[in-house]
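This report concerns a single protein chain, whose sequence and structure are shown below. The reader may wish to keep the structure in view while following the text.

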Amino acid sequence: MNKNLSVRKRVPNNGKGTETMDHYNEQLIRKLSEPKDIFLRILICFLTSAVIFICVGAMILFGFPMLIIIAAGACYLAYLLLSGTFIEYEYIVTNNDLDIDKISGKRKRKRLITVKLDTVRSWGEYTGKTDPNANATVMASDATGRNMWYLDADHEKYGKVTVLFTPSE
């Protein structure tokens with residue numbers, strides 16, 4: 001699922017009384033599940049089921065009603081772990097900055113990188129090769145391998161970086 005939002009916003013210009021326009025565009029890209037993600041989800045469900053089965057069995061055999069709290073805790077932990085396996089990437093362009101965020105489970109956001117667009121050396125459709133001189137590579141694509149683009153830029157902190165992403169437009 002791709003979601004676009006493009007906005008132009010009026011903001012005061014340093015208290016001088018004149019207004020300028022900020023250019024803002026954001027795009028949300030959902031990462032498709034890979035086999036390792038599916039395996040992890042199955043493993044979490046299996047382990048949670050085992051903990052619940054052991055807790056309920058021990059509760060029935062030994063009469064420890066407090067084990068139901070451990071079973072409920074295992075269910076909640078499984079929910080947190082399962083929802084964390086669903087990843088989205090958000091691309092935000094504000095004036096001259098490209099911010100790429102990773103969103104896990106629609107609740108945890110982590111800024112992967114901010115690139116100044118005037119430091120971009122090259123960009124285009126990704127053909128499978130990255131810059132061999134890049135100090136860092138940021139992978140922020142939907143994992144399909146189709147319609148993937150690259151961006152080579154100079155970054156203040158990381159030096160030469162390559163960013164791989166999947167824009168919808």
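## Basis and overall make-up

The model is predicted: local features need pLDDT of at least 70, side-chain atom pairs count only at pLDDT 80 or more, and totals for chains, interfaces and linings use all residues. Residues are numbered from 1 along each chain as its sequence is written, and side-chain values use heavy atoms, with hydrogens and water left out.

The protein chain contains two helices and nine strands. Both kinds of element are DSSP runs numbered from the N terminus (helices H or I, at least four residues; strands E, at least two). Read from the N terminus, their order is β-β-α-α-β-β-β-β-β-β-β. Of the 169 residues in the protein chain, 30% are buried. Here buried means under 20% relative accessible area, exposed means over 50%, and partly exposed lies in between (1.4 Å probe, protein chains only). Contacts, defined by heavy atoms within 4.5 Å, can also be sorted by sequence separation: among those between residues at least 6 apart in the protein chain, 51% join residues at least 24 apart.

Four strands form an open sheet in the order 6-8-9-7, with mixed pairing. Its edges are strand 6 (120-125) and strand 7 (136-140), each of which pairs on one side only. The twist from one strand to the next averages 15°. For such angles, axes are lines fitted to C-alpha atoms (for helices over the stretch in contact), and values run from 0 to 180 degrees between N-to-C directions. Two strands count as paired if DSSP finds at least two bridges between them. Strand 7 and strand 9 (residues 159-165) are joined by five bridges in the parallel sense, and A140 stands opposite F165 in strand 9.

R121 is part of strand 6. R121 has a relative accessible area of 36% and is therefore partly exposed. Its side chain makes a polar contact with the side chain of D154 (2.9 Å). A polar contact is a pair of N or O atoms within 3.5 Å; within protein, one must be able to donate a hydrogen and the other to accept it, and residues adjacent in sequence count only if both atoms are side-chain atoms.

## Salt bridges

How many salt bridges does a search of the whole structure find? The search finds eight, where a salt bridge is a side-chain nitrogen of Lys or Arg within 4 Å of a carboxyl oxygen of Asp or Glu. The table gives some of them.

| Pair | N to O distance |
|---|---|
| D37 and K31 | 3.5 Å |
| E90 and R109 | 2.3 Å |
| R111 and D101 | 2.4 Å |

In the pair of D37 and K31, D37 counts as buried at 11% relative accessibility, and K31 counts as buried at 17%.

The salt bridge between E90 and R109 links strand 3 (residues 87-94), which holds E90, to strand 5 (residues 108-116), which holds R109, so the pair ties together parts that are 19 residues apart in sequence. E90 is buried at 8% relative accessibility.

The salt bridge between R111 and D101 involves R111 in strand 5 and D101 in strand 4 (residues 97-104), so parts ten residues apart in sequence are tied together. R111 is partly exposed at 45% relative accessibility, whereas D101 is buried at 2%. Through shared partners, salt bridges join E90, D99, D101, R109 and R111 into one network.

## Nonpolar core

The largest nonpolar core has 15 residues, and those with the most contacts inside it are Y91, I100, I113, V115, L151 and V163. Such a core is a set of buried Ala, Val, Leu, Ile, Met, Phe, Trp, Tyr and Cys residues joined through side-chain atoms within 4.5 Å. Strands 3, 4, 5, 7, 8 and 9 each supply at least two residues of this core. Leaving aside neighbours within four places in sequence, I113 is in contact with residues including L98, I100, V138, Y158, V161 and V163.

## Positive phi angles

Most residues other than glycine have a negative phi. K106, which is not a glycine, has a positive phi of about 55°. K106 lies in the loop between strand 4 and strand 5 and is exposed at 64% relative accessibility. N147 is likewise not a glycine and has a positive phi of about 55°. N147 is found in the loop between strand 7 and strand 8 (149-155) and is partly exposed at 37% relative accessibility.
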